[in-house]
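Student: I'm new to this one and would like a quick tour. Can we take it step by step?

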Amino acid sequence: MEVVKSILLLGRQPGLGLAELESLYGADTIVPLGKGVAGCCLPAKEIDFTRLGGSIKLTDVIGTIENTEWRAIEKVLLKLVPITATSLEEGKIQLGLSLYGIEAGLKDIQATALRLKKVIRTKTDQSVRVTPNKTPALSSAQVIHNHLTGPRGLEIVLIKVGSITYVARTVAEQDIESYAQRDQNRPKRDARVGMLPPKLAQIIVNLSVANTDPTLGGIVLDPFCGTGVVLQEATLMGFDIYGTDIEPRMVEYTDKNLMWLLDQPNNLISRPSEYRDNTSWRYFSLEVGDATSHTWKYSPETYAGIACEGYLGQPFNAFPSEEKLREVTNTCNQIMKGFLKNIYPQIQSGTRLCVALPAWHRPNGRFEHLKLLDSLEELGYNRVDLEHVRAKDLLYYRPDQVVARELLVITRK
Ligand SMILES: C[S@@+](CC[C@H](N)C(=O)[O-])C[C@H]1O[C@@H](n2cnc3c(N)ncnc32)[C@H](O)[C@@H]1O
């Protein structure tokens with residue numbers, strides 16, 4: 001078996017995080033290590049963490065311990081961590097400990113942290129500040145505010161996997177502020193078309209392009225662009241983007257939101273000044289179009305992936321009557337099936353699509369899926385079989401939500 005060099009802690013819906021990692025890095029590179037934890041055979045520096053919507057923490061493995069008892073772990077930490085600390089930049093060291101699945105009281109964690117502080121100080125001659133644990137694992141906010149991923153930061157993460165403890169060092173933590181800004185500060189939002197979280201949009205793009213090589217480039221097409229969250233995330237990853245929507249107002253919203261994004265001081269996208277007047281500039285193209293009949297203007301081989309959140313029907317606060325449900329599922333099914341039929345001759349064989357479809361969460365816990373899932377073969381598509389995640393686990397929802405999003409990942413035959 002390959003050696004696990006880095007570990008990612010996955011978000012609230014770990015199946016999605018795992019699927020995203022498998023799509024980008026390949027099934028053989030990713031090793032599921034238990035609920036919410038993914039091992040990776042690449043070192044952390046080779047992982048493009050900022051584009052991952054389903055991972056909350058990226059760590060480099062610095063050791064393994066064949067024991068999960070806190071006393072035994074502490075013994076190893078007192079030897080291992082000071083050595084790691086010598087590689088930090090000079091200055092006051094920020095230390096933190098985060099435990100996943102390992103049993104130890106907060107007092108024990110604190111006591112270990114203070115012992116570590118002492119040995120690190122002796123070894124490096126630098127002063128050390130410990131971030132106190134309110135919970136066994138520090139929160140993202142604590143990691144960020146205490147600069148634990150900075151040049152003098154040292155968050156040691158301990159993860160129990162069976163009878164082994166992985167000792168890892170945090171390299172990156174999800175940038176909660178940037179996500180909030182991308183989500184809430186956009187000038188145009190629309191509660192009716194729904195609020196696609198940027199993290200889920202990233203997952204959708206990653207499942208569709210399934211590649212991390214930025215030199216491959218290509219266009220990400222969203223035929224249901226709404227307010228443009230998928231396109232926003234695709235452009236931040238460096239793709240050219242192309243969006244269409246049946247409603248002119250939505251196309252206008254996407255345009256306004258993307259213009260806002262380009263004007264953000266910290267965004268990494270450079271916009272050629274002539275792009276607005278140059279109609280052949282495809283970096284950012286938008287137009288009104290019904291996805292069931294539209295002719296998209298670029299040739300089939302230009303698409304890096306088709307990524308979208310399709311038509312989800314109306315939102316529900318409570319589960320609807322069977323009659324109402326039939327009506328909504330039929331409408332959604334018709335539109336989404338019409339779209340798959342229409343785009344088929346316009347993309348080349350092998351093109352990958354990730355489409356968020358609605359699935360209705362019944363009070364008995366079961367899901368009502370769109371019928372088109374049973375006729376993908378006839379429509380000319382193969383479902384992508386992921387090794388580590390079952391297709392039926394690619395669902396995104398909160399427990400109280402009636403309409404879930406089901407991520408359908410397919411390739412054109
Ligand atoms: C769930 S929303 C997508 C929201 C989008 N992800 C965003 O970031 O705001 C679905 C969108 O599909 C559009 N739509 C509905 N029927 C359509 C059709 N036949 N063709 C193209 N767009 C359609 C709606 O106008 C709506 O903007």
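This is a predicted model: local features need pLDDT of at least 70, side-chain atom pairs count only at pLDDT 80 or more; totals for chains, interfaces and linings use all residues.

Student: How many helices and strands does the protein have?

Tutor: Both kinds of element turn up here. There are 17 strands in the protein, and the helices number ten.

Student: Why is the protein said to be as compact as a globular protein of that length?

Tutor: Start from the globule rule, which gives 22 Å for 413 residues. The C-alpha trace spans about 70 × 55 × 40 Å along its principal axes.

Student: Which domains does the assignment give, and how far apart are their centres?

Tutor: The domain assignment gives domain 1 as 6-174 and domain 2 as 187-412. Taken over C-alpha atoms, their centres are separated by 34 Å.

Student: Which element gives the largest share of the side of domain 1 that touches domain 2?

Tutor: On the contact count, 18 residues of domain 1 meet 18 residues of domain 2. Two elements give two or more residues to domain 1's side: strand 2 (30-32) and helix 1 (14-25). By class, that side has eight nonpolar, six polar and four charged residues. The largest share is eight residues, and it comes from helix 1.

Student: How does the span of helix 6 fit its number of residues?

Tutor: Helix 6 covers residues 198-209, which makes twelve residues. At 1.5 Å a residue it should span 16 Å, so the model agrees with that, since the end C-alpha atoms lie apart by 16 Å.

Student: How many residues of helix 6 are buried, and what follows the helix?

Tutor: Helix 6 is mostly covered, with twelve of its twelve residues buried. Among them are Pro198, Lys199 and Val209. After the helix comes a residue with a positive phi, near 50 degrees: Ala210.

Student: Which residues come nearest to the ligand?

Tutor: The shell around the ligand has twelve nonpolar, five polar and four charged residues. Of the 21 residues there, the nearest are Phe224, Gly226, Thr227, Val229 and Ala291.

Technical notes:
Residues are numbered from 1 along each chain as its sequence is written. A residue is near a molecule or strand if its C-beta atom, placed from the backbone, lies within 6 Å of it. Ala, Val, Leu, Ile, Met, Phe, Trp, Tyr, Cys and Pro count as nonpolar, Asp, Glu, Lys and Arg as charged, and the others, Gly among them, as polar. Domain bounds come from an automatic or database domain assignment. Two residues are in contact if their C-beta atoms, placed from the backbone, lie within 7 Å. Helices (H or I, at least four residues) and strands (E, at least two) are DSSP runs, numbered from the N terminus. The expected span of a helix is 1.5 Å times one less than its number of residues. A residue is buried if 20 or more other C-beta atoms lie within 10 Å of its own, exposed if 12 or fewer, and partly exposed in between; C-beta atoms are placed from the backbone. The radius of gyration is taken over C-alpha atoms; the globule rule is 2.2 Å times the number of residues to the power 0.38.
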